[in-house]
Amino acid sequence: MDRRSFSKALAAGCLLPFVNARLGGAGYARAATPSITVNAVTRVIEVNGKAATVFGLIGPDGKPGLSMDADVVSTVDLISVLSVETMIHWHGLTPTWPQDGVPGMPSPLLAAGETRIYGLPGGRPGTHWMHAHTLQEQALLAAPLIVRGKADKAQDAQDVVILLHDFSWKSPEELLVGLQAGGAMGGMDKFSTEGMAMAHDLNDIQYDAYLANDRTLDDPEVVMVEKGGMVRVRIINGATATGFTMDVGKLQAQVIAVDGQDITPLTATTFPLSMGQRVDFLCRIPAEGGAFPILALREGAPERAGIVLATNGAAVVKLPVAGVANGPVLTLDSEAMLVTARPLVATPVTRRFTLDLTGTMKGYTWAIGIPAPIKVAHGDRVEMTFRNTTMMAHPMHLHGHHFQVVAINGAAFSGALRDTVLVPPMTSVSVAFDANNPGDGWALHCHHLYHMATGMMRTVAYGEA
Ligand SMILES: [Cu+2]
């Protein structure tokens, strides 16, 4: 189906007869609950005044993204309206392994025009997202996936969702070839402080734009809010190779969740957000009203993305993309202060792994070094220590599980529950999780798309070690 006939079908509310729904590799049988449809489409957005053809994931309301109920298993019909193969990973959900959405692990890519049925547990309420686990992620095949529970529905706060992205007029294949040819070094930002033996490497891709909900900061989305009201801002870093620091400005704010998992509320107006990570701020709009930018500051560089919260009649001042200063370099200072609302049950660790994050900018190859396959048994309490031996930071993501951050540089603490943790250069971070979701090879990888594509990915398999 081409885009025009797809739009016509959507408008007519009769898309389903056009597609041949079948049980794909996911093998999930349609439940009695009504299904939610997600369409993988191509669409046109405007970036810096020019038309850009990108991918998109359109939910039942015709807008990007999906909202699910925490208390039910939702049947999701993923409908590919693309002319190329594709697949979507449900980042932050913990479905069965065949439904996880990594190509070939184990399910095959969806063919052009294919519909595949997924049974996705809502699980705990939270801010999650869905995205291609391929280079298509760079071309915006990504959207919010918000799971809401009873408490959320009762909460007297307006929900505002922000998906961040980094945009290039080049194709991801071109960007990758450029990195492998050594193109990274020329444009790379260096960061060093006193006492640091070597400069850290930041931003190996200089993008053409940084987007918040598909828009640049000089043409932002403006969300109407109420004077004196509460707003829950759910932010997803869907960028492929850019870290940001979120800044809610003058608003009174608390960070209430990271990676969709509640924490003990932390009073803060800024928070670091690496690729794949999410953060939820609960903000109070002042009684006198006004316009309040929610900014994403690019790491080590002046560019910004963001949206504006505005009360009725407030003057919205146009903000330039470039700020006056470089965005902060992401550290674990905030991470060390986080306390999960739901710690893992205290139990002895039954299996430990140390994984060396290695790589070289020359030739652009990255890896997770561990001599043997990573094998766990159902019921294990697993502890993994990531040791970053490189000069770039790596946001490490494990599929199918939530882990608790339990140590930074060997100093134990009871940190946040997450699915993606930042491991800065020359730093070690330990995480613990319960092996409670069997699979023959759950993806474990760096969420920098080009680090993953050039080798920084392993699997965690259940079975006899
Ligand atoms: Cu990495």
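**Reading backbone and strands**

Guide: Aspartate 259 lies in the loop between strand S17 and strand S18 (261-267). Helices (H or I, at least four residues) and strands (E, at least two) are DSSP runs, numbered from the N terminus. The model is predicted: local features need pLDDT of at least 70, side-chain atom pairs count only at pLDDT 80 or more, and totals for chains, interfaces and linings use all residues. Residues are numbered from 1 along each chain as its sequence is written.

Visitor: What is the phi of aspartate 259?

Guide: Most residues other than glycine have a negative phi, and most peptide bonds are trans. Aspartate 259 has a positive phi, near 50°. Asparagine 213 also has a positive phi near 50°, and this residue is in the loop between strand S13 (209-212) and strand S14 (222-224).

Visitor: Is aspartate 259 buried or exposed?

Guide: A residue is buried if 20 or more other C-beta atoms lie within 10 Å of its own, exposed if 12 or fewer, and partly exposed in between, with C-beta atoms placed from the backbone. Aspartate 259 counts as buried because it has 25 C-beta neighbours inside 10 Å. Asparagine 213 has 20 such neighbours and therefore counts as buried.

Visitor: Which residues does a cis peptide bond join?

Guide: The cis bond joins methionine 105 and proline 106, with omega about -10°. Proline 106 is in the loop between strand S6 (88-91) and strand S7 (115-121).

Visitor: How should I read strand pairing, and which strands pair with S20?

Guide: Two strands pair if DSSP finds at least two bridges between them. Strand S15 (residues 230-237) is antiparallel to S20, with seven bridges, and arginine 234 stands opposite aspartate 280 in S20. Strand S17 (residues 252-258) is also antiparallel to S20, joined by six bridges; here alanine 253 stands opposite cysteine 283.

Visitor: Why is S20 described as largely enclosed by the rest of the structure?

Guide: Strand S20 (residues 278-284) is largely enclosed because five of its seven residues are buried.

Visitor: Which strand runs parallel to S23?

Guide: Strand S23 (residues 351-360) runs parallel to strand S26 (residues 381-388), and seven bridges join them. Threonine 354 stands opposite threonine 385 in S26. With strand S24 (residues 365-369), S23 pairs in the antiparallel sense over five bridges, and threonine 360 stands opposite threonine 365.

Visitor: How many residues lie between S23 and S24 in their hairpin?

Guide: Four residues lie between them, and glycine 363 in the turn has a positive phi of about 85°.
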